[in-house]
Amino acid sequence: MKTLAQLISPVSSETFYANHHDRSPLHIPASEGADKAALFGWGEFNRLLDQTGHWTSETLRMIHDTRNVDPTQYCRQNATGTHLIPDPRKVQLQLARGSSLVANDLEDMSLPVARLAAGLSSEFAARIGANVYSSFKGVRAFGPHFDLHHVFAVQIEGEKLWRLYKNRMPDPVDMPVQGLDLPLWFQRNCGPVMQEVRMKPGDVLYLPRGWFHDALAEDGASLHVTFSVAPLYGRILFKLLESAAMQDPAFRKYFPPVEQAGGKALQQHLGHLGQKLAALCALPDFLDEVAMTQNRLRPRTGEYSLPAQMELTRYRVQPIAAPAFSGPVAHAMHYAYSRSEFVLEEVIALFDFVSETDIRAAVDRAAASGSLIKL
Ligand SMILES: [Fe+2]
């Protein structure tokens, strides 16, 4: 299972985008013969947890009655005493006492999870995080809340009752309050229960960001994985525009005092800079910059194929004009042409935020033009 279409099957992508994406929740019961629970099972989850050196008290958390369990309750010091690592016996003790286990970033550890995360990342141009939740009968780890990203939850083992509330926060990017006030704020603002969804193995639930919900384990041990989907939004402009804007002397000039000309001088200055920012946003180079930032969100899914040795393809740059390249691939080709010789596979590895297909096509075009010679 590698794509959105496979994840939401038998619902079509058209139906999903027309009726649910960023609009309303969607519960997709497992259809006969489908194998969505096959992302992993208890055996594979145990195997991942057994890689104790990977886990820290940040990546493996325990929740009891909506509160984080103190890491000293389920961790021990590592051999060098530099940090805490989860202790299997303590973790299972806490689970038996009614805590839930949350294992973060499974996309870094499990190939099937990584493949689906990569597919979703391409589909939504988004950062994908895969977290696994394990709990036992009657346990509710979290009270009503919303998340700052879209969620696809896949029930792997056991059952879980999700409650979807009526209210939704419009396009939330930060939590409305911090700390201990937050659960109370959620309680007051979630509204009445709108729908109850009983998730069974293989079921999928889509929740748009900001939709209030909570979940309760039912009928024995439950294991589910959530894929969080977080695309870029307007805030990224403030980061990306800064370096571009500072190249322009207009952005380096000091502001006039607000008293000057009754505030008009400052207003004019700001208006002038605003126009320059709009012009920067409209540049094709800036579109490339945003596109490359989107590509950087994608998980790296390179797989080992040892003992096979990678074949290296070397090129020598010739002293004739290179063809014109546009879009993100131009950055990779600029690097390649800055050397006297380069290895194609190295350029692909260095520019992993540029499409490999585009790099190969550009190098082929350059070789056909005679400005590169394959060695
Ligand atoms: Fe949530």
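Predicted model: local features only at pLDDT ≥ 70, side-chain atom pairs only at ≥ 80, totals over all residues.
Biologist: At what angle do helix α7 and helix α9 pack?
Modeller: Helix α7 (residues 235–245) and helix α9 (residues 284–296) pack at about 130 degrees, and their axes are 11 Å apart. Helices here are DSSP runs of H or I with at least four residues, strands are runs of E with at least two, and both are numbered from the N terminus. The axes are lines fitted to C-alpha atoms, for helices over the stretch in contact, and angles run from 0 to 180 degrees between N-to-C directions.

Biologist: What about α10 and α12, at what angle do they pack?
Modeller: Helix α10 (residues 329–337) and helix α12 (residues 356–369) pack at about 50 degrees, with axes 9 Å apart. That pair is oblique too. In α10, Val-329, Ala-332 and Met-333 meet Asp-358, Ile-359 and Ala-362 of α12.

Biologist: How many helices and strands are in the chain?
Modeller: Twelve helices and 14 strands. The C-alpha atoms fill a box of roughly 70 × 70 × 50 Å along the principal axes.

Biologist: And how much of the chain is buried?
Modeller: Buried residues make up 27% of the 375 residues. A residue is buried with 20 or more other C-beta atoms within 10 Å of its own, exposed with 12 or fewer, and partly exposed in between.

Biologist: Which residues touch the most other members of the largest nonpolar core?
Modeller: Val-113, Ala-117, Phe-152, Val-204, Leu-205, Val-225 and Phe-227, out of 52 residues in that core. A nonpolar core is a set of buried Ala, Val, Leu, Ile, Met, Phe, Trp, Tyr and Cys residues joined through C-beta atoms within 7 Å. There's also a second, separate core of 15 residues, including Met-333 and Ala-362.

Biologist: Let's look at Trp-162. Is Trp-162 buried or exposed?
Modeller: Buried, because 21 other C-beta atoms lie within 10 Å of Trp-162. Trp-162 lies in strand β8 (residues 150–168). Leaving out residues up to four places away in sequence, Trp-162 touches Val-197, Met-199, Leu-205, His-213 and Ala-215.

Biologist: New topic: which residues does a cis peptide bond join?
Modeller: One joins Ser-9 and Pro-10, with omega about 10 degrees. Another joins Leu-306 and Pro-307, with omega about 5 degrees. Pro-10 lies in the loop between α1 (4–8) and α2 (13–20), while Pro-307 is in the loop between α9 and β12 (314–317).

Biologist: What is the phi of Thr-66?
Modeller: Thr-66 has a positive phi of about 70 degrees, although it isn't a glycine. Most residues other than glycine have a negative phi. Thr-66 sits in the loop between β2 (60–64) and β3 (67–68). Ala-261, also not a glycine, has a positive phi of about 55 degrees.

Technical notes: Residues numbered from 1 in each chain as written. Parallel < 35°, antiparallel > 145°, perpendicular 65-115°, else oblique. Contact = placed C-beta atoms within 7 Å.
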